[in-house]
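Here is a short walk through one structure. Keep the sequence beside you as you read.

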Amino acid sequence: MNKRIALDLSPAEPASAASISAVLEPAPVAGNSRRTQPPARRMRTASTTPTVRHFAALPTEDHGSNRQAELFYLQKQIQLQTQMVFILEDGARVHGIVEWYDRNSIKVRGKSRMLIYKTAIKYLYKAGEVGAAPEE
């Protein structure tokens, strides 16, 4: 049973929720045809909920030449098995050899194996360098 909904908005009445009345009218019946009119479509109203926005946790900072220099330096230290000292943001020191690295972390083999996030590294240097930071 198809029915259409028509909204009666007369100019004499003020436009309010109380003044809008819905009138149900039967849909026209087609003769012997199987096709009927599609049901009336409702108009979409503006959504009152705010749109959700997602932000990346850390901005990607790919500065072409700096990134390439970092990759070259780490690859060279891996090949030469150089003893490195990592000074972390909290002041901790990690001694060891770089096993591998990726975009966000470095795996170091020393007394134990440790995965260090690059964001936690303050700076690093070769363990035998002259003029390196003093041991604490």
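Predicted model: local features only at pLDDT ≥ 70, side-chain atom pairs only at ≥ 80, totals over all residues.

Residues are numbered from 1 along each chain as its sequence is written, and side-chain values use heavy atoms, with hydrogens and water left out.

Start with the sheet. Five strands build an open sheet, and their order is β6-β5-β4-β3-β7. The pairing is antiparallel. Helices (H or I, at least four residues) and strands (E, at least two) are DSSP runs, numbered from the N terminus. Two strands pair if DSSP finds at least two bridges between them. The edge strands are β6 (113-117) and β7 (121-126), each pairing on one side only. On average, neighbouring strands of this sheet are turned by 45° against each other, direction ignored. Axes here are lines fitted to C-alpha atoms, for helices over the stretch in contact, and angles run from 0 to 180 degrees between N-to-C directions.

Now take the strand pairs. Strand β5 (residues 105-109) is joined to β6 by five bridges, and the two run antiparallel. V108 has M114 in β6 as its bridge partner. K107 stands opposite L115 in β6. Three residues lie between β5 and β6, which form a hairpin.

β4 and β5 also run antiparallel, joined by four bridges. Here Y101 has I106 in β5 as its bridge partner. β4 and β5 form a hairpin too, with three residues between them.

Contact means heavy atoms within 4.5 Å.

Finish with one residue. M84 is found in strand β3. Is M84 buried or exposed? M84 counts as buried because its relative accessibility is 0%. Buried means under 20% relative accessible area, exposed over 50%, and partly exposed in between (1.4 Å probe, protein chains only). Which residues does M84 contact, leaving aside its neighbours within four places in sequence? They are Y73, Q77, V94, H95, G96, V98, L124, Y125, K126 and A127. M84 and G110 are 26 residues apart along the chain, and their C-alpha atoms are separated by 9.5 Å.
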